[in-house]
Amino acid sequence: MTESALQESHASYRHTVLAGDPWIHEIKAGQVFRIVDLKGNQAVDTLFYSAADTQEHYSASDTITAQKNIYLTAGSKLLSNRRNPMLTIVADTCGRHDTLGGACAAESNQVRYDIQKRHMHACRSSFLLAVSDPKWNLSKRDLVPNINFFMNVPVTPEGKLTFEDGISQPLKYVEMRAEMDVICVISNCPQLNNPCNGWNPTPIQVLIWGPDVPC
Ligand SMILES: [Zn+2]
């Protein structure tokens, strides 16, 4: 556990992302970005792109192999597909974040749970909605494997993945410093078919310290 010295009252940007909603925003190099799990047990599906060239994006495989650990926490550097550090996690009161579980989608809901679940709101739809404004220069083909902040996806001794009840609690947070100008895309996961949100999706808060970027 690494706590932050930053005070909420000094943040230049503060926004509550409601349960199930998307959020997209630019974060400038040197700014500090915090995600707060307001009610606990909320999976926050997150992607990062270089604002200068959106072909450069967060890469789960490069991040995992460089740090030799599948979980993210304070000290983790989030690397791009060009192996450049995009952000560094500087504080974390949850302790562990998932790199492997991916984003829920209408298709995976149908395959995993039931054909009746296909219509349910899913993270992939939220990502698509977030990137639909052409000003971001992002599209469907840019969606890559994402980070699941606060989500508990333990790997069993046999090498299997499981989606388990969360390890996060109300007001736990993760905070990162941008090492380059990035576009952050979040889906505040609406999943109701597994315990990743404690069967009850809830709001999160996003905060930025440093000069704000209009968007
Ligand atoms: Zn989801």
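Q: How many bridges pair strand E6 with E8?
A: This is a predicted model, in which local features need pLDDT of at least 70, side-chain atom pairs count only at pLDDT 80 or more, and totals for chains, interfaces and linings use all residues. Residues are numbered from 1 along each chain as its sequence is written, and side-chain values use heavy atoms, with hydrogens and water left out. Strands (E, at least two residues) and helices (H or I, at least four) are DSSP runs, numbered from the N terminus, and two strands pair if DSSP finds at least two bridges between them. Strand E6 covers residues 85-92, and its antiparallel bridges to E8 number five.

Q: Which strands stand at the edges of the six-stranded sheet?
A: The sheet is open, antiparallel and ordered E1-E10-E3-E8-E6-E5. Two of its strands have a single partner strand each, so one side of each lacks a neighbour in the sheet. They are E1 (13-17) and E5 (77-79).

Q: By what angle are neighbouring strands of this sheet turned against each other on average?
A: Axes are lines fitted to C-alpha atoms, for helices over the stretch in contact, and angles run from 0 to 180 degrees between N-to-C directions. Here direction is ignored, and the average is 20°.

Q: Which residues coordinate the zinc ion?
A: Donors are N, O and S atoms within 2.8 Å of the metal (3.2 Å for Na, K and Ca); water is not among the atoms, so sites may look incomplete. The donors follow the spacing C-x18-C-x65-C. Their SG atoms sit at 2.2 to 2.3 Å, and the residues are Cys104, Cys123 and Cys189.

Q: How many residues apart are Cys123 and Cys189?
A: Cys123 is in helix H3 (residues 123-130). Cys189 is in the loop between strand E9 (182-188) and strand E10 (204-209). The pair links distant parts of the chain, with a separation of 66 residues.

Q: Is Cys189 buried or exposed?
A: Buried means under 20% relative accessible area, exposed over 50%, partly exposed in between (1.4 Å probe, protein chains only). Cys123 has 0% and is buried. Cys189 has 2%, so Cys189 counts as buried.

Q: What value is phi of Lys68 near?
A: Most residues other than glycine have a negative phi. Lys68 lies in the loop between helix H1 (60-67) and E5. At 75% relative accessibility, Lys68 is exposed. Its phi is positive, near 55°.

Q: What is the relative accessible area of Asn137?
A: Asn137 lies in the loop between H3 and E7. Asn137 also has a positive phi, near 60°. Asn137 is exposed, because its relative accessible area is 55%.
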